[in-house]
Amino acid sequence: MNFCEGCNIACDDERCPKCGSKKLRPVNDDDFCLIAQVDRPFGDSLKEYLEEENMEYALMPYGRGVRARFALPLESYLVYVRYKNSDHVRQILKDTNARI
Ligand SMILES: [Zn+2]
C-alpha cells in the first residue's frame, strides 16, 4: 500500500487518486489517512465512537465554497484515522451507509 503525504491518502496505485502525484511512499501503520467524507451529525457520533474505542482520529470541517457549488450536504467533515485502524473504521462507515 502506498501513501500520498500531500493528500493523506493510502492507495494501491503508483499514483495518488486525488492529486495524481507519483511521489508516494509505503504507508506506515501510524499515518493518518483520509477515509471518508461524512455529514456533521454522523461525524459527531463517529467521534464519540472513536473516543470510546480509543482510536485516534481527526475530523476536518469541509470547505464551504465547494459545498455551495456542488450542493453537498450543509455541514460535513473529512475523516482521518491512523492507517492501522482504517479498515475497521471503513467497515463501520459501510455498515452505516456513510458516503465516501
Ligand atoms: Zn495526493
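# Exercises on a predicted chain

In this chain, confidence is lowest in helix 2 (residues 64-70), with a mean of 59, and highest in strand 3 (residues 25-26), at 98; the score is pLDDT, the predictor's confidence in each residue, from 0 to 100. The model is predicted: local features need pLDDT of at least 70 and side-chain atom pairs count only at pLDDT 80 or more, while totals for chains, interfaces and linings use all residues. Residues are numbered from 1 along each chain as its sequence is written.

**Exercise 1. State the mean pLDDT of the chain and describe its secondary structure.**

Step 1. The mean pLDDT is 87, and 84% of the residues reach 70 or more.

Step 2. The chain holds three helices and six strands; these are DSSP runs numbered from the N terminus, with helices (H or I) of at least four residues and strands (E) of at least two.

Step 3. From the N terminus, the order of elements is β-β-β-β-α-β-α-β-α.

**Exercise 2. Identify the residues that touch the most other members of the largest nonpolar core, and list contacts of Cys-33.**

Step 1. A residue is buried if 20 or more other C-beta atoms lie within 10 Å of its own, exposed if 12 or fewer, and partly exposed in between, with C-beta atoms placed from the backbone. A nonpolar core is a set of buried Ala, Val, Leu, Ile, Met, Phe, Trp, Tyr and Cys residues joined through C-beta atoms within 7 Å.

Step 2. The largest such core has 14 residues, of which Ile-9, Cys-33, Ile-35, Val-38, Val-79 and Val-81 touch the most other members. Strand 2, strand 4 and strand 6 each supply at least two residues of this core.

Step 3. Beyond its neighbours within four places in sequence, Cys-33 is in contact with residues including Asn-8, Ile-9, Tyr-80 and Val-81; a contact requires C-beta atoms, placed from the backbone, within 7 Å.

**Exercise 3. Is Asn-54 buried or exposed, and where does Asn-54 lie?**

Step 1. Asn-54 lies in the loop between helix 1 (40-52) and strand 5 (57-61).

Step 2. Asn-54 is exposed, because 7 other C-beta atoms lie within 10 Å.

Step 3. The phi of Asn-54 is near 55°, a positive value in a residue other than glycine. Most residues other than glycine have a negative phi.

**Exercise 4. Which residues of helix 3 are buried, and what covers them?**

Step 1. In helix 3, Asn-85, Ser-86 and Val-89 are buried.

Step 2. Strand 2, strand 4 and strand 6 are among the elements that cover the buried residues of helix 3.

Key
Two residues are in contact if their C-beta atoms, placed from the backbone, lie within 7 Å.
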